[in-house]
Amino acid sequence: MSLNKEEILAQNRSAQPPRYGLVWPIVFAVLSFFSVVAAFGISHDTIAEDIEVHRVVEDLLLPLRRTEQASESRQFWREERIQRGDTVSTILVRLGVDDPEATKYLLQARGVRSLYQLLPGRTVRAITTNHGRLEQLTYLNTNGKRLLVERTAEGFVASEKVPDLEARIMQSSGEIASSLFGATDAAGLPENVAIQLADIFSSDIDFNRDLRSGDRFAVVYEANYAHGEFVGVGRVVTAEFMNQGKTYRAVYFQDQNGRGGYYAPDGKNVRKAFLRSPLVFTRVTSRYSNSRFHPILRKWIAHRGIDYGARTGTPVRATADGRVEHAGRKGGYGILVSLRHANGYATRYAHLSRIAKEIRRGRRVSQGEVIGYVGQTGRATGPHLHYEFLANGVHRNPATLALPPGPPITPDLRNEFQTVAAVLFQRLDLLGDTNLALLD
Ligand SMILES: [Zn+2]
């Protein structure tokens, strides 16, 4: 797996909300709609034709809120879209605010500094009197909070609060002409959705090598809105990818303990039980080998692990659910965390600068949980993570090993899963039909 992809996917993971149905964290700056990412290109032996991309975006919920509209005839409710180069003053002019006291407050008060972030495309709303006196002003900040400035008997008061987010279901489909990101850009899909799409199918499809011109995708995802304004992408709820004539489908499903995952129609987990790498940003500095020249011992020995160069303090993640078997110093390993996983697997994380709080022998850890931090304790020339992967006590190369699949849907949840999946897969079917209709 290349660096680029790991990095992108890592960003994606960190942007993922922890739970389905709760308030989503808001993803702003990462949504660069027009940037073309070089990763995931189709292989060079395929002919990249410019195939038209068909896009269907349907708004399933359209709660048009008008509650902010002032009912009194003396008040005007106005909304202005921020343009590049706008300042607080120019916005106020366009909002029809002719109120020196308000202007002074908005330019000087501490509590309204976030208004200066004026993000092009966002809107500022104001309620004014017919004489231009400002009564109320609202703006959705880049931190996802809504700034509210109100006139009171004691003067203006500013407050910030997290707005209620409303998740809308969006859907889109497209065809690969030259690259995944080229196609998703053309379909108007936020980059974060493309990254999730690639992440979901990364166990079955190598997006760096396997893509072909003519491959197709369909995706249903959540987009978060606050008072009608798009604030970020949520989770992909179901997706389909047709790669080289083979169709892969996945649906998101969460069990009663809040553990979610992506599953194929037959209930199998589409992802692997192990993360490919224990670090979010990976740079392999020494590969797995049965023989290499050791820089400190100055002799040829086997290197039965993978070294990832990273700065001291970089968080190290458990690559799978498991139990802590060792957490502490151990000879040349320096500070080491060893984990035991289901089905006879074990992983080791060595040369740590320190172990994460609460990580001690016997404790359960979940996949992705931070267990320690990169360092150079023990026999190490510089800060790096030495990662070992063992199957039934035998060292294996995690980079090339066919990793076991994640746990499937358990029998007790099978009925519930099938009900949820049927509805969502039907949506993909409809999305496919719409495409065909467009192609005629
Ligand atoms: Zn090593």
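**Hairpin β4–β5**

I started at the hairpin that joins β4 to β5 through 2 residues. This is a predicted model, where local features need pLDDT of at least 70, side-chain atom pairs count only at pLDDT 80 or more, and totals for chains, interfaces and linings use all residues. I number residues from 1 along each chain as its sequence is written, and side-chain values use heavy atoms, with hydrogens and water left out.

Strand β4 covers residues 146–152 and β5 covers residues 155–161, and the two pair in the antiparallel sense over 7 bridges. I took strands (E, at least two residues) and helices (H or I, at least four) as DSSP runs, numbered from the N terminus. Two strands pair if DSSP finds at least two bridges between them.

**Whole chain**

I noted 6 helices and 23 strands for the chain. Of its 440 residues, 48% count as buried. For the cut-offs, buried is under 20% relative accessible area, exposed is over 50%, and partly exposed is in between (1.4 Å probe, protein chains only). The accessible surface comes to about 22100 Å², and 50% of it belongs to carbon and sulfur atoms. Those areas come from the Shrake-Rupley method with a 1.4 Å probe; for residues, only the protein chains shown count as cover.

I also looked at contacts, meaning heavy atoms within 4.5 Å. Of the contacts in the chain with a separation of 6 or more, 66% are between residues 24 or more positions apart.

**Zinc site**

Which protein atoms are the donors of the zinc ion? I listed His303 (NE2), Asp307 (OD), Asp307 (OD) and His386 (ND1), lying 1.9 to 2.7 Å from the ion. Donors here are N, O and S atoms within 2.8 Å of the metal (3.2 Å for Na, K and Ca), and water is not among the atoms, so sites may look incomplete. Along the chain the donors follow the spacing H-x3-D-x78-H. The pair links distant parts of the chain, with His303 in strand β13 (residues 299–303) and His386 in strand β22 (residues 384–391), 83 residues apart.

Why do I call the arrangement irregular? Because the 4 donor atoms subtend angles of 53 to 155° around the zinc ion.

I checked burial for both histidines. His303 is buried at 3% relative accessibility, and His386 is buried at 9%.

**Phe389, also in β22**

Phe389 is found in strand β22, and its relative accessible area of 0% makes it buried. Leaving aside neighbours within four places in sequence, I found Phe389 in contact with residues including Phe274, Tyr345, Val394, Pro398 and Leu403. Tyr349 is 40 residues from Phe389 in sequence, and the two are 9.3 Å apart, C-alpha to C-alpha.

**Glu79**

I then went to Glu79 in strand β1 (residues 75–81). Glu79 is partly exposed, with a relative accessible area of 35%. Not counting residues up to four places away in sequence, Glu79 touches Leu95, Thr123, Val124 and Arg125. With Arg125 there is a side-chain polar contact of 2.9 Å. By polar contact I mean a pair of N or O atoms within 3.5 Å; within protein, one must be able to donate a hydrogen and the other to accept it, and residues adjacent in sequence count only if both atoms are side-chain atoms.

**Loops**

Ser179 is found in the loop between β6 (166–175) and α4 (180–186). Is Ser179 buried or exposed? It is buried, at 9% relative accessible area. The Ser179 side chain reaches the backbone nitrogen of Gly182 at 2.9 Å.

I looked up two positive phi values. Most residues other than glycine have a negative phi. Gln244, in the loop between β8 (229–243) and β9 (246–254), has phi near 50° and is partly exposed at 47%. Asn343, in the loop between β17 (335–340) and β18 (345–352), has phi of about 60° and is exposed at 69%.

My last entry is an open sheet of 3 strands in the order β15-β21-β19, with antiparallel pairing. Its edge strands are β15 (315–317) and β19 (354–355), each pairing on one side only. I found 3 bridges from β15 to β21 (residues 370–373), with Arg317 standing opposite Val370.

Note on methods: Four donors count as tetrahedral if all angles lie between 85 and 135 degrees; four count as square planar and six as octahedral if opposite donors are over 155 degrees apart and all others between 65 and 115; anything else is irregular.
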